[in-house]
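Please look over the sequence and the model together before reading on.

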Amino acid sequence: MSTNVVTRFAPSPTGYLHIGGARTALFNWLLARQTGGKMLLRIEDTDRERSTDAAIEAIIYGMKWLGLDWDGETIYQFARAARHREVAEELLARGAAYRCYATPQELDEMRELARKESRPPRYDGRWRDLGGTQAEADAIAEGRKPVVRLKAPREGETVIEDKVQGTVTFPNKDLDDLILLRSDSTPTYMLAVVVDDHDMGVTQIVRGDDHLTNAARQTHIYQAMGWDVPAFAHIPLIHGPDGAKMSKRHGALGVDAYRALGYLPEALRNYLARLGWSQGDREFFSTDELIEAFSLAQVHRSPARFDYAKLENMNGHYMRAMDDAALLQQFLAALPYLPDGKDMAAQIDETKKRQLARAMAGLKERAKTLIELAEGARFLFARRPLAYDEKARDLLNEGGRGHLAALAPKLAALPEWTAAATEAAVRAYVAESGAKLGQVAQPLRAALTGRTTSPGIFDVLETLGREESLGRIDDAARPS
């Protein structure tokens with residue numbers, strides 16, 4: 001198995017880890033792990049005004065939560081600015097770049113002329129061959145601060161053999177001389193990316209297809225430096241359910257938001273892998289199975305649509321399949337991030353942990369997210385006297401309270417407090433009283449949980465324990 005494949009994930013720290021970025025990171029990670037290679041992490045923090053430490057923390061947190069580890073130290077692009085300038089100077093020395101003294105007014109005039117002629121705005125290359133001339137001397141004398149531009153090829157074509165998009169051809173006449181260094185000598189994104197990818201030994205670049213045109217421009221820099229060009233794979237962007245590009249109006253965008261919505265990292269990782277990549281009709285993969293099965297050849301060219309219902313169903317599958325103890329640990333870790341979860345988290349002690357462990361099997365069968373699981377477990381955190389919802393209050397009418405009052409001493413007399421023992425006592429009372437099971441079990445559920453839905457009522461009795469259960473039954477049996 002090859003060990004020389006090197007991929008990278010290179011986010012800009014201007015906000016959260018976007019769900020599309022998370023999928024890009026995942027695809028890079030799968031490719032590296034499958035080939036025994038490396039995935040590197042580079043923070044592209046050259047936009048100093050928008051880059052923040054909080055965003056960097058959010059990116060790293062999101063990747064760790066998803067289980068996407070990277071190899072080596074994290075690289076920060078801004079810290080490499082001197083190296084980027086060094087390469088620009090080398091390109092100048094090679095005659096592959098030049099200083100451009102065009103003024104903002106001249107650039108505006110170029111754009112206006114292009115608009116009038118119905119063609120894309122493009123720098124016209126007027127300073128390509130004026131280095132060392134009187135025109136340059138005059139520009140320097142005027143105090144103009146030049147940018148450094150790449151002397152891109154003007155004829156022929158640049159061909160990208162993309163592992164997802166196939167063969168993509170760009171006429172060189174449509175690609176102008178891109179800026180490498182700004183007038184203040186700061187490197188541009190286009191230069192920095194190429195230099196960093198080369199120096200980091202990146203062999204395969206997997207990123208969004210909004211960078212496809214950049215691949216052609218960046219190829220010119222590689223060629224001008226005599227460097228090997230990495231393999232490219234440009235994956236389609238993620239769209240919302242309506243087919244439009246994923247945006248805030250579609251709901252959660254950042255990975256941290258999906259944790260707050262109660263999704264498991266394993267489920268989100270599996271869903272993202274299947275979003276734009278497929279292997280037949282198979283939906284569920286373990287991590288090892290994903291690594292083994294993933295292939296860029298099976299990544300679709302058309303945008304994938306994010307379907308919250310499918311994600312929710314997948315999450316429910318993972319919850320039901322997960323070992324109860326492992327799910328409990330996931331739940332406890334996520335609780336502070338869930339709506340109203342901090343209040344529940346503050347009540348967690350060893351007793352609550354034991355109760356949750358006993359209830360987990362029943363709770364997870366009725367939940368698709370950790371939020372729903374927390375909602376189902378809320379009865380464990382309720383304080384007496386319970387607040388009953390409207391349907392529960394309706395059940396605690398005179399007849400319901402009568403059954404509870406008659407049932408309570410029979411439950412209190414049980415020598416052991418188990419689900420089986422309480423079920424036997426309730427069924428014996430039902431047979432003795434001539435009532436139907438629902439006429440007793442439903443008021444009992446309302447008394448114990450304050451609701452009409454919960455895990456199995458006998459599991460609830462066992463989980464709450466004798467003292468708490470009898471106390472809640474006694475509270476509900478009293479006339480309001």
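In the loop between which two elements does Gly 201 lie? In this predicted model, Gly 201 is found in the loop that runs between helix 6 (189–199) and strand 9. With a relative accessible area of 33%, Gly 201 counts as partly exposed, because that class covers values between the 20% limit for buried residues and the 50% limit for exposed ones. Although Gly 201 and Pro 230 are 29 residues apart along the chain, their C-alpha atoms are separated by 9.0 Å.

From this loop we can turn to the sheet. Strands of a sheet pair through backbone hydrogen bonds, and the pairing can be either parallel or antiparallel. Here three strands form an open sheet in the order 1-2-3, and their pairing is parallel. Strand 1 and strand 3 (75–76) are the edge strands, and each has a single partner, so one side of each is left without a neighbour in the sheet. Strand 2, which spans residues 38–43, runs parallel to strand 3 and is joined to it by two bridges; Ile 43 stands opposite Tyr 76 of strand 3.

The next topic is the empty space in the model. Rolling a probe the size of a water molecule over the atoms shows where such space is left. The largest pocket holds about 860 Å³ of space, and of the 29 residues that line this pocket, His 18, Gly 20, Gly 21, Asp 210 and His 211 are the closest to its centre. Strand 1 (6–9), helix 1 (19–35) and strand 9 (204–208) are the elements that each give two or more residues to this lining, and helix 1 gives the most, with five residues. By residue class, the lining of the largest pocket divides into twelve nonpolar, eleven polar and six charged residues.

What volume does the second largest pocket have, and which residues lie nearest its centre? About 350 Å³ of space lies in this second pocket, which is lined by 19 residues, with Tyr 271, Arg 274, Leu 275, Arg 305 and Lys 310 nearest its centre. Two or more residues of this lining come from each of helix 9 (265–274), strand 12 (304–305) and helix 11 (308–321), and helix 11 supplies the largest share, three residues. The lining of the second largest pocket is made up of nine nonpolar, five polar and five charged residues.

Key
Residues numbered from 1 in each chain as written. Predicted model: local features only at pLDDT ≥ 70, side-chain atom pairs only at ≥ 80, totals over all residues. Heavy atoms only, no water. 1 Å grid on protein atoms, 1.4 Å probe; cavity = no way out; pocket = protein on both sides within 12 Å on 5 of 7 lines; lining within 4 Å. Points joined across faces, edges and corners; volume = space filled by probe spheres on them. Helix = DSSP H or I, 4+ residues; strand = E, 2+ residues; numbered from the N terminus. Nonpolar A, V, L, I, M, F, W, Y, C, P; charged D, E, K, R; others polar. Buried < 20%, exposed > 50% of the residue type's maximum accessible area, 1.4 Å probe, protein only. Pairing = 2+ DSSP bridges.
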